[in-house]
Amino acid sequence: MTQQSEIVVVGAGSLGQTFSAALGSSGVPVVLVATGRSSARLLSEGKLSVRGMLQFSVPVAETAQPGAVRISRGEDLTSVRGIIFATKGHDLRSAAQALSGVKSTWVTGIQNGVAKDDLLAEIFGRGRVLGAAGNLAAERQDDGSVLVTNRGMTYVGELDGGSSERAERLASDLKSAGIPAQLSANIRSVEWSKAVIVAGGFGVGVLTRVVWSESMEDPNLTRAFLSLAREAAAIAKAEGVEIADFPGSEALTYVSQPDEKSIASRAERVRKLRAEGGELDRRSSIVQDLLSGRRLEADFIFDDFVTRARKHGVPSPRLELVRDLARGIDASKSRSTGGTTAP
Ligand SMILES: NC(=O)c1ccc[n+]([C@@H]2O[C@H](COP(=O)([O-])OP(=O)(O)OC[C@H]3O[C@@H](n4cnc5c(N)ncnc54)[C@H](OP(=O)(O)O)[C@@H]3O)[C@@H](O)[C@H]2O)c1
């Protein structure tokens, strides 16, 4: 029997463990729905360990216990407060379908790209879906622990704009848990603005494997980033969404100002962070997947852009090239492992 006050986090990966550990350690009852192998690993370790720019160590248990995050396979869930889907995009449909019978006030997905809201709306109904996007960044370590490399800002909000008690409460709970968060009255703009940055950043990352600081400092890679970001921004415009700047994520400035200004400002940002002793070697989640031999989110992010572009008659040849190359990388990995690409 589940409680209506519980927040369910689905997926015990980098972000799923970070959200669960943060909310759990702040006193919110949390159920972490994990795959069999992740459940077994976490239960044998007895805790969630998050380090880096956010630090938590929270006990885990198979049954509800005060101060512990409950690990579940999801079958026992009946009625909960909300569900945060933290799987990769290509696992979102099956994870959401498995919980489609669970009553909840809201569901939300933290996947990159903009396909997640439509997919969740198809399964749960649009009225249940909260939008979410942000710059919280984390990486899974070999020992299973999670390293948070950027606390960023996480935005949540109603897809139709405005405010609501449920979105305000979620933002407030995240903030109390130590995750910078705020309600956005225009979450579609936030999601698309982040997607514009992702189009450029993931496109460059997946073809070069560079760490964040290298992609920011190299003028050629910044030019490549900008050309991809502009294609994504044109799709946002065709979808009727205005992109904007948010702290640490200047989508509008990047696509509007001359390339030379962005080349200078991106290099300056790295210089400043280096002087402050900040984390320069972080990798985007698609580069982490590439290096770990896991499946890429090529279709979920890039094919979605291309499909939307075609629908609106907007040219997107660079995004299409990234999609095709990323698909080819996946197929090649799959062939070389006899079809057993790490999930
Ligand atoms: N990491 C970041 O910094 C970051 C930042 C912004 C956005 N994002 C987005 O957030 C999403 C998650 O990224 P991530 O880096 O946290 O991914 P991740 O580390 O690969 O974690 C995904 C987790 O989902 C689990 N999973 C898959 N199917 C499941 C199911 N049906 N039920 C329960 N668990 C399931 C996987 O389990 P197994 O481990 O057992 O396979 C894995 O632990 C991605 O879409 C990514 O683009 C990530």
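Trainee: How far does a polar side-chain atom of Thr-35 lie from an oxygen atom of the ligand?

Mentor: A polar contact is a pair of N or O atoms within 3.5 Å; within protein, one must be able to donate a hydrogen and the other to accept it, and residues adjacent in sequence count only if both atoms are side-chain atoms. Here the Thr-35 side-chain atom is 2.4 Å from a ligand oxygen, while a polar backbone atom of Ala-138 is 2.9 Å from an oxygen atom of the ligand. The model is predicted, so that local features need pLDDT of at least 70, side-chain atom pairs count only at pLDDT 80 or more, and totals for chains, interfaces and linings use all residues. Residues are numbered from 1 along each chain as its sequence is written, and side-chain values use heavy atoms, with hydrogens and water left out.

Trainee: How do the residues of the shell around the ligand divide?

Mentor: Ala, Val, Leu, Ile, Met, Phe, Trp, Tyr, Cys and Pro count as nonpolar, Asp, Glu, Lys and Arg as charged, and the others, Gly among them, as polar. In this shell there are 10 nonpolar, 10 polar and six charged residues.

Trainee: Is Ile-7 buried or exposed?

Mentor: Buried means under 20% relative accessible area, exposed over 50%, and partly exposed in between (1.4 Å probe, protein chains only). Ile-7 counts as buried because its relative accessibility is 0%.

Trainee: Which residues does Ile-7 touch?

Mentor: Contact means heavy atoms within 4.5 Å. Leaving aside residues up to four places away in sequence, Ile-7 touches several residues, including Leu-23, Val-28, Trp-106 and Leu-170. By contrast, Gly-127 is 120 residues from Ile-7 in sequence and 18 Å from Ile-7 in space, C-alpha to C-alpha.
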